[in-house]
Structures are given as structure tokens and as C-alpha cells.
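The following exercises are to be worked through with the sequence and the structure at hand. Each task is followed by a solution in steps.

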Amino acid sequence: MVDLAGGVVRLNGIVADQREAIKRSAASVQEMIASAASVSEAVAKAAKASETLRAEGSDGREKVGEVGEAVMAIVSDYMLPLAIVTGLYSIAYTWAFARIVDRRTLRTLGVGRRPGWGAQFWKGAGLAFVILLGVFLLSLLTGTIEVRGFARPATETSSVAGYLAGAVVAFLLVGFYEELMFRGYVLQVLNERAGRTASVLVSSAVFALMHGANPGADLMGLVNIVAIGALLSYLYFRGGSLWMPIGFHTAWNFLLGYVFTLPVSGLPMRGVLDVVEVAGANGAPGRYGPESSIALTLALAAWGAWVV
């Protein structure tokens, strides 16, 4: 005997499931349309700004910079996954290159688990905290930034805990691979062939040039990045390993982007504090962030004077 009632119930369930699937598909399509509209709008602004650049010269460049910020706002939600993928690839590439070309191991590059490596990491992190806190307070006192309160340190599609975990992993990988590349390989090879002074200057300049392609990069920012490269080189030579520079680099990016919510070498981040830069203020950091500010120059000079 056919269970007609049961069949009707199952059919109704299937229809309901199909309706929910259609609703989810429609929502996804709407999100894609909204994203496409945002991208199209940014592209249209870029085309218009390019015409303005040809017509207005330097004034046009400012408008192109504004379009760049709009595009960065769109891709900022994908910054952490991109940093994680880039970090993993760069670590593998740098290790493989050093291993094949110069027969160097991770231990000879400076990241072996030697006694005191954890203490060195946190010493570097502590120094980054002290310098950035000084820069942040000086910027507040001079009126170049304002704190409006607290913000939600996560994207709209992620939880706060998930975004925090992603930020920790991403900044740790970025700090690790950049130090492995510049202080672990470039600095050491140059030091063996050209001496300490030349190795510090050249590796720091290359380190700055790598960050020169970031949004909002300017001369002040590049000079400060060279100085930071020299500081990281000093930490390597003082500790005899990369753990102090890695700790400094990781904490620097994390504090600057996630805690103070300011651009990290021109790259926007979502963070804890709702901080705005005051347009037109004397010594304001600009699109590149505090790394292009006079406040950082003064803080690095004070640290250099103390070391000497």
C-alpha cells in the first residue's frame, strides 16, 4: 500500500530545501553584484583620475592617491590571508635558495632553537612596543592623530577571535620571512664579503626599497625604513641570531596595525582603536602611516643616541 501522506511530507520537505537553496544563491548573487559594483566604481574613479592627472599635474596625483585608497579599502578584507600565503611561500623559497646556493641551514641563518631564543624574541618585541608607544603618544600630543574610541577589530564576515588569530599568524609569518630574507641571508652574505658597515647599509636600503612599492610611500617613509633596517641589523649582531629581530618585526606590525589601527607601511588594517589621522597637520603621517612621520624619525634618533 502506497504511503501517500508520507510522500507528500517528503515532497514538501524537498521543495522547502530547494527554496532555501534558491534564497542562499540569490543572496550570494547579490553580494557578488555589490562587490562587482564596488570594483567597477573604483575602476571608473581610476580612469577619471588618470584623465585628471594628465590635465592637472601634481593636483591630479593627489586624486589618484585617493583612488588607490578606495581600491585598498576593497581588498583590505583579504590582507591577512594574502600575508599568510605570501609568508609561507617566502619562507620556503628563501630557505631553499640559501640551502641550494650557499649550503646554509636555518640554524646558520640564525633561527635555530638555541638557549635563550624565546627571551630574545620578547626583548625585540618589548623594544618595538616602547618605540611605537613613544611615537603614538608624541603623535597624540602634537595633534597629528586623534583617538575616537574603540573599533571592532575584525571584518564583517569574521569573528573577533578568528581575526585576532589570523593577525597573529600573519604578522608572525611576515616578521619571520622578512628577517630570514634580509637579516638572515642578505645581511650575512654581504657581511662575509664586504664587512659589517656595508652589509648594514646595503641590506637596509634593499629592505626599504621593497617597501617603497606600497601605497603612499614617500621619501620620509623610505628614510625611516632604512633606519629600522639598521636597527634590526643591530639586534641581529647583538643577539647573534634572528630571534630578536623577528620579535621586534612581529610586534611592530601587530601593534601598529591591530592595536593602534594605523597603516603598516601603507597597508590598512582593522584594529582595536578607532584612530584617525588629522589631515594637513604638521608632521602628519599621511597614507603610508606613522612610518613616514617625523615622530618616528625622532624616536629612532633617540634610540640611536641611547645606544651610542
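A residue is termed buried under 20% relative accessible area, exposed over 50%, and partly exposed in between (1.4 Å probe, protein chains only). The model is a predicted one, in which local features need pLDDT of at least 70 and side-chain atom pairs count only at pLDDT 80 or more, while totals for chains, interfaces and linings use all residues. Residues are numbered from 1 along each chain as its sequence is written, and side-chain values use heavy atoms, with hydrogens and water left out.

**Exercise 1. Burial and surface**

Determine what percentage of the protein chain counts as buried, and how its accessible surface is made up.

Solution. Step one: of the 308 residues of the protein chain, 37% count as buried. Step two: the accessible surface, computed by the Shrake-Rupley method with a 1.4 Å probe, comes to about 17,000 Å². Carbon and sulfur atoms hold 66% of that surface.

**Exercise 2. Confidence and secondary structure**

Describe the order of the elements along the protein chain, and state which element has the lowest mean pLDDT and which the highest.

Solution. Step one: helices (H or I, at least four residues) and strands (E, at least two) are DSSP runs, numbered from the N terminus. The protein chain has 10 helices and 2 strands, in the pattern α-α-α-α-α-β-α-α-α-α-β-α.

Step two: pLDDT is the predictor's confidence in each residue, from 0 to 100. Its mean over the protein chain is 79, with 72% of the residues at 70 or more. The lowest mean among the elements, 47, belongs to helix 1 (residues 4–56), and the highest, 96, to helix 9 (residues 243–259).

Step three: over residues 25–40 pLDDT stays under 50, and the model has 2 contacts (heavy atoms within 4.5 Å) beyond four places in sequence for this stretch. Among the contacts in the protein chain with a separation of 6 or more, 73% join residues 24 or more positions apart.

**Exercise 3. A helix pair**

Characterise the packing of helix 7 (residues 196–211) against helix 8 (residues 219–239).

Solution. Step one: axes are lines fitted to C-alpha atoms, for helices over the stretch in contact, and angles run from 0 to 180 degrees between N-to-C directions. The two helices pack at about 135°, with their axes 8 Å apart.

Step two: angles under 35 degrees count as roughly parallel, over 145 as roughly antiparallel, 65 to 115 as roughly perpendicular and the rest as oblique. Helix 7 and helix 8 are therefore oblique to each other.

Step three: on helix 7, the residues that make the contact include V200, F207 and H211. On helix 8, they include L222, G229 and F237.

**Exercise 4. Individual residues**

Are I145 and A227 buried, partly exposed or exposed? Which loops hold R103 and S265?

Solution. Step one: I145 is in strand 1 (residues 145–150) and is buried, because its relative accessibility is 4%. The C-alpha atom of I145 is 5.6 Å from that of V276, 131 residues apart along the chain.

Step two: A227, in helix 8, is partly exposed at 31% relative accessibility. Its C-alpha atom is separated by 9.3 Å from that of L201, 26 residues apart along the chain.

Step three: R103 lies in the loop between helix 3 (79–102) and helix 4 (106–111), and S265 in the loop between helix 9 and strand 2 (273–277). Most residues other than glycine have a negative phi. Phi is positive in both residues, near 55° in R103 and near 50° in S265. R103 is exposed, at 64% relative accessibility, whereas S265 is buried, at 6%.
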